[in-house]
Every structure is written in C-alpha cells, then in structure tokens.
Amino acid sequence: MSLDNSTAPVWTPDLSVSSFVSTRPPAVNTPAVRSEHREETLRLVQRYLRESRTVKADVIDREAERVVAHVERRLGDCQLVTAIEFKRSALGVAAERVDAIAAAVFPSVVPLEKPTTMAEAQAVHAVRWLRPGFWAGLATQRFKQSGITRLAASVRPSLTDE
Amino acid sequence: MDRTHLFRGIVIMVTLVATVIATNCYFVVIRGGGGIQWVEMLTVPLFALLFAWITFSFCLATVGAASLVLAGHRGGEASHQRESLTTARTAVLVPVYNESPERVFAGIQAMIQDLADHDAASAFDFYVLSDTTDPEVWLQEEVAWARLSEELGGTGKVFYRRRPRNVARKAGNIADFCERWGQGYPFMIVLDADSLMSASTMIEMVSRISQDSKIGILQVPPTPVGRNSLFARLQQFAAQAYGPIYVQGFSLWAGDEGNYWGHNAIIRVQAFLDHCDLPVLPGKAPLGGEILSHDFVEAALMLRAGYKVQLATDLGGSYEECPTTLADYAIRDQRWCQGNLQHTKLVAAEGFRALSRFHFASGVLAFATAPLWIAFTFLCIVGAAVERHSASDATTVFSSASKIALALFAVSMAFLLLPKLWSVLLVIRHPSRAADGRIAHALSVLIETVASVLLSPIMACFHSWFVLAALSGVNVRWSTQQRDEHVLTWREAARQFAGFTLFGITSLALIAWAMPSLLPWFSPMTGGLLLSIPIAKLASSVTLGQGLRAWGLLLIAEEQTPAQVIRYHQSALRRGESVRHRIDRRPLFEQFLLDPALNVLHGRIQDASNAIIAMNPADVCEAKAVLMSDGAHAIPPSLRRAILQDSQVFQQLHLEAWVR
C-alpha cells in the first residue's frame, strides 16, 4: 500500500501524549542541553515521518517542527524532562499523526458488522431403536398390553376402584 | 416414483443381487478347497462388504458414463451474461490457515479481474477469513491484502479479517463470518485457499440459487489443476478423465439430496444460519467432540431442514489444486479420515434423511475399506496355508472351485477397471472431451492405471494406519496442507516409506512360505509396497511430470487452453514473484515493528478486526527488555504472536525501538 498522501489534511496537534510521560524523578537540564535534545528529537521525528511514507517530502520539516513544538508545549518545563522522554513523547505524537493520515487513505479492512447468531444445533441422539433400554422397554410394554395382564387386572381389581 | 428414486432402486437392486451371487460363488470357492476353515469363514462377510462396495461404485460410474454418452456435453464455463445476475451482493469467502498469502491473494485478484471482464465485480465482496497462527504468515497476509487493495483501486472489494482464536476450525471461521456479516448477503460462495472459480460460473451459481428458493447448497465439482509433479498430474488426469463419470452417476443417484464438499459451492446464508450450526458429538476426540469434516454434516442439516443440496455437474470453471507428493496426499487423507470416521456417530443419529445416512456411511467406508481389504487378504493367505497343509489331495487346487475363484477375481477387476475403459469409449464417441487426442488419451489411461495399481497398496496401508490410529484414540493435528511443489530427496523418500517396504518384504515372505503358487496374484500388492521408496521419489518428480506433458500425455484441458481466470492467476503469481525479489529480506515481524507505515497497517487491521487480546504484563516487560538490550530480531518467536495480537503493546514497542 502506498502511504504517500499528497492531499494530507491540515494537522492540528491536539493529541494526548500522557501515556508516554515517565513518572521517574526528573533530571534538570540546562538550556544548552535542552537545545541539544530538541535538535536530536527534531531529526528523529523528521526521519520517522520520512520513513512512514505518509507525509509529503516538502512538508516533512515543517511537520516535524510542529510535532516538537507541540510536545514542548504539552510537557511544559523541559528542564524536568529527560531526552529520552522528550523523544518518546514526540514520536508518540508523530505516530498518531501518521495514523490519522493513514486513516484517510486506507481501504476498509472489514465492513460494518450486522450481528446475528446461528440457531443452536440440536444435540446428537442415536435413533430410538439404538438407545440403551429401548428393546427391553418395548418388550415390557408389549407384555403390559398383552391379554394376560388385562385379564389379571379384571380378576383382581384395585382396592381403590368403586 | 420419480426418476431419482427409480434409479436408486435399480442401483441398490443390482448391487444386492450381484453381491449375493458373488458371495455365494465365493462360498463355493472356499468350500471346494477341502472343507471350510474357520479362518475362511471370517473372510465371507468381508468379501460381501468389499464386493458390494466396488459393485455400487461400478454401477454409478456405468450409469454416469451412459448418461454422458447420451448427453454428449462436457462441463464448461456457463455461457450467460450479466443480466442473469441479481442485484443482491454475494460474499466470496476464502478461509485461510497458514497458507501461502501470495497464492491466495493472486487467486482473489484473478477472480476479480475475471469478474470485472464480465462487468460483475461490484456484485461480489471477497472476504479473506484468516485463522493463521504463524506470525510471519499473518504479516505476509496483511501486506498482501494491502497491496491487492491498492492494485484493485475501486474495481473490487476485498476484506481481511483475522480471528485471534480459531475456535471450531474452518467451520467456526465460516460461522463467525455468518454471525458478523452474513446478514448483509443472501448468498455466500465458499472457497478453499487454493480454489479458483471463473466469473461466469460464479454468476451462474448466483443465478441458479436466486431462481430456486429451495436450493440451500449448490456444489460445483472442482477440477484439480495447475500442478506439475508426476503424482499431481496423475491425479489431475484421473479427475478429468474419470471424475465426470462418477460425479454424473452420483448426481443421478442423489438428485436434490446431494452432498457438499466444503468449498467451491454457493450457500443460502439465512438457511445456513438457521439450520447448519454443527452439533458437538457425544464422547471424546478423536471420534467424538468437535466435528472435523463439517461439509457432509452441513449438507445433511440443510437437507433435514427441507432445502435442496444440488450438484451442478454441467458447470465447469471450478478449480482447486491437489497435493504434489504421496506423503502430502496422505497427510490430507489423515485429516479427512478422522473426520469421516466421526460420522459413524451420525449414521444412526436421529432426524437425518436416509440418503444423508448413506453419505455418512460411504464417507466412513472410503477409508474403512482399506483395513478390511488388508484383513481379507491376510485371512485368505492364512486360510490357503492352513488348507494346503491339511489337504491330502493336491488336485483340489485345480478343481472347479479354482475356476470360480478366477471368474470372481476377473469380475472384481472388471468392476474396478471398466470405468477407466468407459472414459476411453467416451472420448472415442466425443473426441472433444480429450485434451490429448484419442490415442494419447488411451495411453494416458494405461499409464494412470499402472500407477494406480502400484499406488493402491501404499494408500491402503496409509488408510489402515489412519483408521487404526483414530480408533485407538490418536488425535489429528490441524496441520496446514503443503501446497507448493516439493520434490522429495531419496533420503526423505526412504525415511517416509521404509516401513512400507518392510511390510512388503514381510508380506512377500509370508506368501512365499504359505502359498508360493499365489505369488503372481499378489505381485501388484507386494510390488507396490516393495517399490514404495522409488515410487514416492519418482511420483514427486516435476521433471517427469513435465516430460510426460511435453509428450502430450496425462494432459488436461486446462493445460492446453487454460481458462481466463487461470491465466490471470498465473500472471498475478509472476508479478508477486517479481515483487518478492525487490523487498526487504528481514523477517516481517522486525519490519513491522520498526517501519512506521507497516506498524500503522497492522494496528488498523487489528482494530478493525476486533481481534485484540491483551498481553500478559510479565511478557510485555520481557519483550521490552529484550528489545532494548538486543533489538527486535532477538524477541523470541513465542512472544511474537502475543505482541502482534495486542496492538497497543505493539505500538509501544515500536516507539521504544525508535527511541532506542
């Protein structure tokens, strides 16, 4: 699938990055170090967007700059954030950006579901004449219906009979 | 009485009368050899059953051949136009399980191209229903789906869904589709991973099922095509030369109570939803539990509900691929064997139609006859040996009983071989039925007959083994069918068939000791077993298969003039081959983990498929630790599937890999 999206929608970075922020005790960064982090992160995001093949080549630098700026705003005081957390956050935003663009160009993976259920199968039972006790039961039944039992019943009526 | 019932009555009557006469003759034979031994008495019911089985098959083949001679047609692609297609959309289901994605998607592309030529692509939605468990194959499927979707543009719709848990195997896979998307389609065409169907046939199937609201399943018999090994070409030729004869006979026998073979068929979705949920068989696996061979049962359930199950013998354009080696064929048979043996519990189950019971029983006998045949042969040898050592008069060997025995043998062989002759006669009557001309066809029949005589004892041993394994409780693993051409090495052939050779030597020694005069009679059986190693090796040879093709032998129509859908399939495979040479050689798992575009692709497919399974937190920590210390390539295969199933973890690892 070509992910080169020449008609990419204009992006407003408002995506959450909280899940990528570490809870470790923050390191204190000097302005020089902060600048170094920023440069490294910017280059990383540029490479990420390039390799994603979703963002047009001529806007990659601008997009990367917006990603990093967005992360700076989100994370607030960069003195409290390590380089690796800064990168992780920026990549998270870049990945969400790539996903948003891809959503516009991807074909439908599956259509909308119309859920239903299959009618439940009937349990498997052997035919009546193969079930245990069938023939014995049949023989008993025949005996009960025979003239002998009817005769016996007439000779010796139940005590509850009128 | 309608024509089908009359035909059934005649076939049953002929089979019974012939069996009674033959069994009586057999009784004369064993009585004539100096009294009846108890061992010989045991052979009588076996003889009756085996003789009835071959007589029934012979009857179907003979009537099928006669019907084809009179009709004179050959199943071709349906020649109707798009007008016959209803406005209803039809789903085309392609269930896959660790199959080659290139081949599967090339097939889909070919069918869509063919449908587009008929201006009908918009009427069919293709669903690749994946039950794949191998992470690499799974990711290949995702790439192949994305690539095909891009290539097709707006031409056709191909959807991809992977089930995280393959509950109830293929039947469960289809049921899952029906429950999620089935309401959107009145009909579904079920294919196999290696199936191909021409557009005109698919359109005609939809047309027929739309016009007759009582048709529940319409099965189009598939023709094996596209293979080059000698073994595969023998099967392809046999299927094309004799298949129509048997299928036509079976269709006349079954009428509207036909059978379903699991693929290359169209099904009425609502009827399937209402009536075809599979029961769980009482008892434990392998004979109880989940039903493996679902197709026969689904057909029986559909018939029970009052729908028709028809066989469209007049339609061509339905293709599949066959195993290319003897061992692969046996692996497939083992799965079918256990599935069919389970049907013993359904033969006498409540509520099924008589013909469905017959289908179940014949499915069982298709495998059970092999051990019965071996037992019959063994008991005959033992009986002859006992008789030989107890008989005082040697002249009994040449008594009248021997003449009857000879006649019985000749009749049995005739019942087995005459359908092959019917094929030759059919070609003489209708030369257009043979792709290779009359002489070459007759020669091909001869080659196939010799091969089948040699292969029969090997297959009988395989089937006996499978039956015994199933009865003794050994369960079958759901293994993927080997669909690529694979030429066996001598070492592989020796490893796989040494046991058969040993069995052949033992049989030969036993016969030589017990009854040397019977050796020539048993030579086809012992010969096949003794030569099983070279036979298996030669049968897998692509060079030999193609050599015979160059000589115009074992040709099938599709090798001479392939249908358009086959041509499209071949060109799609060639394109796929050229793309494969350009792509990254690293395992796809690594590529998906590192490449942002592939990562997004996987995430979107997972989200859409509702297929996310949360990963065990301990495994997540382990995966992260390995990734950070050694890289993506070091993540153990045991964790890869779990990672891919949890798209959130997969995304986190992807970002970690980039930060690293």
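Residues are numbered from 1 along each chain as its sequence is written, and chains are lettered from A and ligands numbered from 1 in the order in which they are written. Because the model is predicted, local features need pLDDT of at least 70 and side-chain atom pairs count only at pLDDT 80 or more, while totals for chains, interfaces and linings use all residues.

**Chain A**

Select chain A. Its secondary structure comes to five helices and zero strands, where helices (H or I, at least four residues) and strands (E, at least two) are DSSP runs, numbered from the N terminus. Along the sequence the pattern is α-α-α-α-α. Of the 162 residues of chain A, 23% count as buried. A residue is buried if 20 or more other C-beta atoms lie within 10 Å of its own, exposed if 12 or fewer, and partly exposed in between, with C-beta atoms placed from the backbone. Contacts require C-beta atoms, placed from the backbone, within 7 Å. Among the contacts in chain A with a separation of 6 or more, 70% come from residues 24 or more positions apart.

Next, select Ala123(A), in the loop between α3 (83-105) and α4 (134-145) of chain A. Is Ala123(A) buried or exposed? Ala123(A) counts as exposed because it has 11 C-beta neighbours inside 10 Å.

**Where chain A meets chain B**

Show both chains. In this interface, 39 residues of chain A are in contact with 42 residues of chain B. On the side of chain A that touches chain B, the elements giving two or more residues are α1 (31-52) and α3 of chain A. The most comes from α3(A), with nine residues. By class, that side of chain A has 23 nonpolar, eight polar and eight charged residues. Here Ala, Val, Leu, Ile, Met, Phe, Trp, Tyr, Cys and Pro count as nonpolar, Asp, Glu, Lys and Arg as charged, and the others, Gly among them, as polar.

Axes are lines fitted to C-alpha atoms, for helices over the stretch in contact, and angles run from 0 to 180 degrees between N-to-C directions. Angles under 35 degrees count as roughly parallel, over 145 as roughly antiparallel, 65 to 115 as roughly perpendicular and the rest as oblique. The residues of α3(A) in this contact include Leu91(A) and Ala95(A), and those of α26(B) include Leu655(B) and Trp658(B). The contact of α3(A) with α26(B) has six nonpolar, two polar and two charged residues.

**A helix pair within chain B**

Move to α16 (residues 490-514) and α17 (residues 519-530) of chain B. Their packing angle is about 165°, and their axes are 8 Å apart, so α16(B) is roughly antiparallel to α17(B). Among the residues that meet are Phe500(B) and Leu508(B) in α16(B), and Phe522(B) and Leu529(B) in α17(B). The residues of this contact divide into ten nonpolar, four polar and no charged.

**The sheets of chain B**

Select the open sheet of seven strands in chain B, with the order β3-β2-β1-β4-β8-β6-β9 and mixed pairing. Two strands pair if DSSP finds at least two bridges between them. The edge strands are β3 (157-162) and β9 (308-311) of chain B. From one strand to the next, the twist averages 20°.

Within this sheet, pick β1 (residues 90-96) of chain B, where seven of the seven residues are buried. Val92(B) and Val94(B) are among the residues on one side, with Ala91(B), Leu93(B) and Pro95(B) on the other. Seven bridges join β1(B) to β2 (residues 124-130) of chain B, and the two run parallel. Val92(B) stands opposite Phe126(B) in β2(B).

Then select β4 (residues 187-190) and β8 (residues 265-268) of chain B, antiparallel strands joined by four bridges. Met188(B) stands opposite Ile267(B) in β8(B).

Finish at the open sheet of three strands in chain B, ordered β5-β10-β7 with mixed pairing. Strands β5 (196-197) and β7 (223-224) of chain B stand at the edges, each with a single partner strand, so one side of each has no neighbour in the sheet. β7(B) pairs with β10 (residues 318-320) of chain B in the parallel sense over two bridges, and Pro224(B) stands opposite Glu320(B) in β10(B).

Notes. Contact = placed C-beta atoms within 7 Å.
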